[in-house]
Structures are given as structure tokens and as C-alpha cells.
Amino acid sequence: MHGKPRYSAFVPAWLRGFVVTWLCGFVTAGAVAQPPAVPPERVALTGARIIPVVGAPIASGTVLVERGKIAAVGPEVEIPYDARVFDVSGKFVMPGMIDVHTARGLDIPNESRPVTPHLDVADALDPSQLFFEDCLRLGITAVHVIPANNTVIGGLGRVVRPIGLTVGEMTIAEGEFLKIAITPRRGFDRMLQMATLRETFLELDDYLARVAEKRYEDKLKEEDKQIDVGPDEARKRGRDLVRAEDVDDQHRNLLRLCGGQVRVAGGPGPKLFQPLGAFVYCGNAMDIALAVRLAKDHAFFDRTVLVLGGECHKAVAELKQAARPVVLPGDLTYRATDPLTGEVHETFVPKKIFDAGLLFALVPGPDDSYAERMLNYQAAQCVRYGVPRDEALRAITLNPAKMLGLDGRLGSIEPGKDAHLVVFSGDPLDFSSVVEQVFIDGIPAYDRAKDVRLQRLLSPGTSDSTAKPE
Amino acid sequence: MTRGRIARSAIVGLLAALPFATADEHAESVVLVIQAGRVHTLTGEAIDGGAVIIRDGRIEAVGRDLSIPAGARVIARPTAVVTPGLIDACCTVDPEIPQQASGWPFENWRPSFWQWMARQAAHDADDPDHVCGSACGLPHDAGPLALAAATMSELTWGEQSSEVTPHRLVIDSVNLLSNDFRRLLRGGVTTVYVSADSANVIGGRGTILKTGGPLRERTVRRADAVKATIGGDPSRRGLPNFLPPYYGPPPTFLTRRPTTRMGVEWVFRKAFYDTLRARKGLKIYGADMPPPQALPVLQQVLDGDVPLRIQARMQHDIFTALRLAAEFNLSFALEEATEAYRCLPQLKAAGVPVIFGPLYMDAKGFRGRTDEVRQPRLNTPRQLADAGIEFALTAQELRDEEGLVRQAMFAVQNGLTPEQALRAITATPAGLLGLADEVGVVSPGAAADLVVWSAEPLAATSRPLLVLINGRVVLEEAN
């Protein structure tokens, strides 16, 4: 106690009650009380019907969480005496769902400039956005926020949890992916879009060559030598001298995208950075081939996730050949009007992608839709059209985790993983079930009964039976 | 053309039509049997492992252990679930016909006609060239007046030549070949009441249609209920019909009446008041007089021969509707009724049935731009059910994942039982349309409008496999 500043020391007596009341009001005013940053020591969810996603469902079991990580799962788990126990008998527990590609949570989805690889969504994430509150309500516990599709090269994304008062507190993983769009941004046509992309990578090569040349010249100056070699030779000799701090913001992420290793004058230099991946937006079927070629040309194909528009199912052969993970559009049914007959043809995209054997993830539909913005409903739609239930559940949990390189931490209920758990009142694919509780890293982050905004929408009116229409 | 030639061509025409006619007759006399895992009859308990026998487009029998007539075509779907075809009692067909001028900046500041003119003049002074180049056909100084001459009939389903148009028929606007009917069918909807939109205080008469089958069998009732609207819609909607979008001034008494809720109520009252006067042989006069053709229809409404629908969203608008109805001793069905949960006792006391919907998280389109949807409740259907008020659910212009069967699904998520929800999209709307025991049930004698679902109809994982209208398969999905 000694030495710690005391409440009474800096708040005058007459104000104390007011401050306490005000703080309480602040905490309870939000629909979802902000949880403490430190997860509780031990949490146990008992009597649950567990859908672990990996492995067989458990009819009645316990999930034990220790310091934010899942410690044990199974029908017979010994509960430590000090665990905070949540009895969820008869309810379903599934891993937190993952929104793998969204620009929601940002103030503006895209920068007005076309090529912005140096940007990081961390600077624009607003923890107080209602979007994050909605995520909790819908059982989404991890969101990959990344610049939207109206770009050439957008910035770095970031995987966040929808709780926390700062971006740091929210962060699950720093950005591992840049956004690239093959479909032209507004005001661009395809030629300009592709030319801009090529030009950007050419400019990177040129930049590194100039840095290498400069480094070699500096070295000569330092050693007080005067050797006159041509620029090509200088670049070759200088490429091993390029250091990480020579690469500016604009080029660092591009270099990381290309693998992080300096290449000058056709030869390899030092590996300066960890590589980055790319979420490549392909709005149309024709974009797939362009995306694959671009990614192969610049050595990021192995770290590419394709973000598809509805029409892309037509390029299923190319997608199959590329065998890269794909993010499906929010509108799962693609509708096209036959120009000749005027008839509307419908294609259920996930079934086609599933049949092609691709790793796919579902994203929520439009914000203002009632059902489609729920990932579990998106999965239910897949089951409706013949995708097996397990595969549909993976498409909203484990598959997105794999795409983000976070399958060691997220996407299933297994010991050692982050404790992202959603408690549903019933089967998550049954629409009458609702999200009752959400745990993120073991923190009880959401409780339906305390969701002020939702409870308002479910409250009775103030019908006054004595009032007459007069 | 001589009389003989006319007769001859008529005979040729008849002969040409004959083979089709006989083929059709033949198709109808075929007996069809549908076997399913479960049949929701809506007249009693659901029948597990039941079958439906259809003859001549009507349901002949439904139940378990029925003997299958010889020569019957049997469709066996042992895991499927059969329900009656769904009924939307307040459907807006063809959402591709925009219900208001697209891009009309309802939220934003809109320049008045004169402001626009002034801006245009200033712009012209700066830049003497047309934006569209040298030869767009319009004289250089055409200005908005020339454009204003064009009226835009495709912008609304509400006839705007008068505020009171119960003598206009919505059927005249319906395109039976529209893709929208296919879309409705894919959602399992087989009968719709197509409503006029809310642009008029007293609008046109809706029509009851089947969504599939031969065109000559589509129309169930050409002219049905008269649609009236209380609230802000009549004064906000349809405005661009007077002047093209962006050129019109905000509604004033010069361009538009009524301009307020008071005005809307007045137009409604005046119409029925004048009808009562006309019935007594008294002269009718004054502003906002209903057109003479409207009087006979309003007369029938007063007599209860033509049903009346009133759309109202907010509590005070619902109260206004109840008050006006009491004033003229009208019975009506309430449409949309966003805030019905705030006037349950009053609705119950007045015995007014409610056609509620749609349910939404955020209202879209025109509805979203009205200020009347700020206080929705997700569990209004449950509250209506608990209050004992007769209600049907409607999706209005929404389709697919927000269409009628999904509306029922949303209602179940928010507290309605699946049985109540299914009833609210089948038997109850059938009753409200005066088609009880004809559609909306699976019982002997009813029209064979059936949907065969892959699972329980209100499950998110369920889809229609087969849709029948009058015993004809109008939609069939492989597997």
C-alpha cells in the first residue's frame, strides 16, 4: 500500500461519490462493458456441447481455459478449485468465428492515392466503432482488417480482436498481408491498373539498384579508393552492402512482399526482412490469370490469398490450377441475367469452389442484411446447397485462420490455442440459435443479457391500454 | 378485310390453338402423388410420412397410408417437407422498377428549381460548351424546363394524377413475365397480393396473383383491396413525377398536396366525406375533391364490398388510421405497422388484422429514408401473437435471403414458434385475402399450391426443391 497513490489522495472528499458514480456510469453505459486487459487465471465452461471443428463433436464436455489459452477439452476434465465456472449445460460451444477480410473498423476504406504499400491499418483502426461491438454480438472474435478493394496496392492489414481500448490491446497479430487489387480502382481501366502495378515493382528494382550503387560509392569513399567501374558493376558490387535502414517506408513493404531479399542486377543480396503475403482482389473471372501471373512474377504467389468477386466462379479451372486459398464474396449466390433471354441464372458459389477442392473462407454479407452478416448463417447457406456441414463450419473458423497463418492460435477448440469461444443457445447452423456469450482469450467479452442495444430491440413497447386513438 | 376472311383467319387461329389446349387438358387430368417425410397441413397436426394426392390441380387427399390411384405419377421425397405455397399479402413486385427516382437526394440538401436554374446560369456563363459535347440535340439554352416536360411513369406504382385513385388497378402495371415472379417462386411464394405503393393517400386497387403457371391462370382476383397510406409517404413519395429528379423544388403547396400528416388525414377524410355526400345526392365541392370515378369504388369500400388496407408505420399514424376508420365505420387491415407493438391494446380492441413486415436490422431503400422506422422491434410478431392479434408476415419488396420464408425465420429467432410463423405466411394471409381453404392449407379441395422443402421450411439450411401451382410443377431443382 505504501507508495501507491491512493484514490483519496487526489480526489477531494466532496467529489468522490460523484467520480465513482460517473465512472460506473461510463462502464455500464456501453452495451458491452470493456473487459480488463489481463485475462482471468482460469475459466471453465461446463456441460457444453462442444464443436471443436478439429475432431469429433463432444456431446457434453468441459473447456478449461488457463491464462487465455485453452488448457483442456473433453468430456472428463478436472476443474481446478480456483476456476471461474460458467455452466453452459445444453448449449453449444464453438470456436470464435473469423472475419477474414473487411475494411470495416477503418474510418475510410481506401486512401485516395492508388499505390500506398507503406500504410498500415493500425493507424486508422477505431476501437470505439460500433462494428466491433457488432462482431461480439455475432460471435466474431477475430477480424482481419485490411484496406478495401478500391486501390492498386493498399496498405498492411492487421488481425484484431473486437475488444480493447487501443489498437495495441486489440491486436492479435501484426500485419502479414498487403492489399492488392487487380480489378481496376475507380477511375482506372485494367491497362492502367496492371501498368501501375508493374511500374511499382520496376520502381522497387530501380530503387534498390540505386541504393546498392550509392552504398558501393560510399564504401569507396570511406576506404579512400578511386576505382571507376560502370554503374552496372557498382550495383553488383554494392548489392550485399544494402542494409535494412536504407529501405524507406514506401519500399520496405514492397520488398517484404517480394520475399524480403534484395535482388539487384539479377543477383541475390542480403535477406533484410520477413516476407509479407498479399490479399489479391479479383472482382472478375478475367482477373484470376492476371493475379496469378503478377504473384508469380514477383515471388509472392506462395503467400497469396485470392479475394473473389461473384463472377470468379467462372474461372474455377484457373483457381483449381493455382490452388491458392480463396475468400468468397459476401453474396454467396451469383446472379447473372442472360443477355439473350433476359432470364436470371443463379450459381451458388461456395458449392462450386468446394467441389474444386479449394481452401475457402466465407465473409459476412452486407452490413444492413439481417441474416447474411452472420457468419454462421453464411455457413448454413452452404449446407443448404450441399456443402458438408464440417466443411461449412471450417470455412468460418479454421480455414480463415489457416489463410492468416494463425491456425496455431485460432480456428478450433484444441489445447494450446487462444481461448476464443462462442456459446450458442443451440446449433450454430440453426437460425433460431443466438449468441449468448463470447469469450476472447478467456475474457468474458459478451453477454446477450447485458447487450443494451439488442435488448432494446427485443423490449416490449410502452403500450398504454387506456390510451384511445382519439 | 372482308367478313369471310376474318372468319377464315379466326378458324385457322382456333385450329392452331387446339392441340395446345388438348395437351393442357390432358396434363391436368393426370393424378400426381407427392410423398414426403412430413406434411404441414396447417389445418391440424403435421403429418409424418404423409402423402398428398392431387387431381385436376386440386388436392384430393392428404394423410398417411393413402392408397395411390392407378396410373398416378408419384414424386417420392422421403426426407423432404411439404408446406402449402407461401402467400405474401403485401408484395411489391418488380423492385427493379425503382419506387422512387434513383439518386434523389432525400437526406442531402436539394436545390430548389430556381436555385438550380441560377446555378446552371452561372455555370453556363463560365463554360459556354455543353457537357455532352457540341451536338446532344438539346438547344443550348434548353434548361430544365424542356426536361421537365417528360414525366416518368416508371418511377412509381402510385398514379399521381390525383391523390385519390381507387379506380386505378395495379394489375395494369404488372408484368407477368417479370423475373421477379421467378425469384418469388424460388423462395416458395406462390400467391401474392400485389400492392400499390404508398405514394397516394388513397391509391390503386391491388391484385391477387399466382407467381407461376400458365398466364391465363395467374390472376386470382383482378381488383382487390384499396390501399390507403397514413403518414409521411404520400407527401414525400412520387414528388419527382412532377419534375425530373434534381430539378424539382421541395414539396410546397404549389407542387404537391398534401404536404403534412394533417393534409394526408384531411385528404382521406374528404374523400370519404364526399362519397357520403354524393350518396345522398348532395353536391361535392372544394379543394382536394376525389375524382368522380373514385366515388363508386369508395362507396363499395364504405359498404364493405371492397376491402381496405391502410399502411401506417408509427404509433400516431396507426392511431390516425384507427380514428379515421371509426369515423367512417370502415374495417381495414393494417400494413407494415412498424410500431404496432406500441398500440397492441388498441389494435386488439378494434379487431384490426395486421400485415406486419418486413423485419430488418437497418431499413433500406425508400423506407430507410423515411423517419418512420427509427423504433423497430425485432420481436413485434411475437408481441402481436401474444396479444392475440391476427397477423400475417410480409417481405414486401425484399427477396432471397430476406424474402418471405426468411422473414418467418427471423420471427422465429425472435420468439415466435415455428408453427405460428408458418401460419403467418400461409393460412393467415390466405384468410386475409378471402382465400381461406383455397390456398395456404394442404387439405382436400384446396388448390394444389405446394412447396417441397429440403428440410423444415424455416431452417436456414432448407431450400425449395419443388414448387407446384394448381397441381403443375412450376419449379424443380435437380436432386
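User: In this predicted model, what makes helix H8 of chain A a helix that lies across strands, and which strands are these?

Analyst: Helix H8, residues 287-297 of chain A, lies across strand E14 (277-282) and strand E15 (304-308) of chain A. Residues count as in contact if their C-beta atoms lie within 7 Å. The helix runs at about 160° to E14(A).

User: What is the order of the strands in the open sheet of chain A, and how is the pairing described?

Analyst: The order is E8-E11-E14-E15-E16-E19, six strands in chain A, and the pairing is mixed. Strands of a sheet pair either parallel or antiparallel, through backbone hydrogen bonds.

User: Why are strand E8 and strand E19 of chain A called edge strands?

Analyst: Strand E8 (153-156) and strand E19 (360-361) of chain A each pair on one side only.

User: How do you know that strand E16 of chain A and E19(A) pair?

Analyst: Pairing requires at least two bridges. Strand E16, residues 326-327 of chain A, and E19(A) have two bridges, in the parallel sense, and therefore they meet the definition of a pair. Phe360(A) in E19(A) is the bridge partner of Val326(A).

User: What makes up domain 1 and domain 2 of chain B, and how many residues does each bring to the contact?

Analyst: Domain 1 of chain B consists of 26-85 + 440-479, and domain 2 of 86-97 + 155-438. The contact takes 23 residues from domain 1 of chain B and 26 residues from domain 2 of chain B. On the side of domain 1 of chain B that touches domain 2 of chain B, strand E5 (73-84), strand E17 (464-469) and strand E18 (472-476) each supply at least two residues. By class, this side of domain 1 of chain B has 14 nonpolar, seven polar and two charged residues. The C-alpha centres of the two domains of chain B lie 31 Å apart.

Key: Residues are numbered from 1 along each chain as its sequence is written. Chains are lettered from A and ligands numbered from 1 in the order in which they are written. This is a predicted model: local features need pLDDT of at least 70, side-chain atom pairs count only at pLDDT 80 or more; totals for chains, interfaces and linings use all residues. Helices (H or I, at least four residues) and strands (E, at least two) are DSSP runs, numbered from the N terminus. Two residues are in contact if their C-beta atoms, placed from the backbone, lie within 7 Å. Axes are lines fitted to C-alpha atoms, for helices over the stretch in contact, and angles run from 0 to 180 degrees between N-to-C directions. Domain bounds come from an automatic or database domain assignment. Ala, Val, Leu, Ile, Met, Phe, Trp, Tyr, Cys and Pro count as nonpolar, Asp, Glu, Lys and Arg as charged, and the others, Gly among them, as polar.
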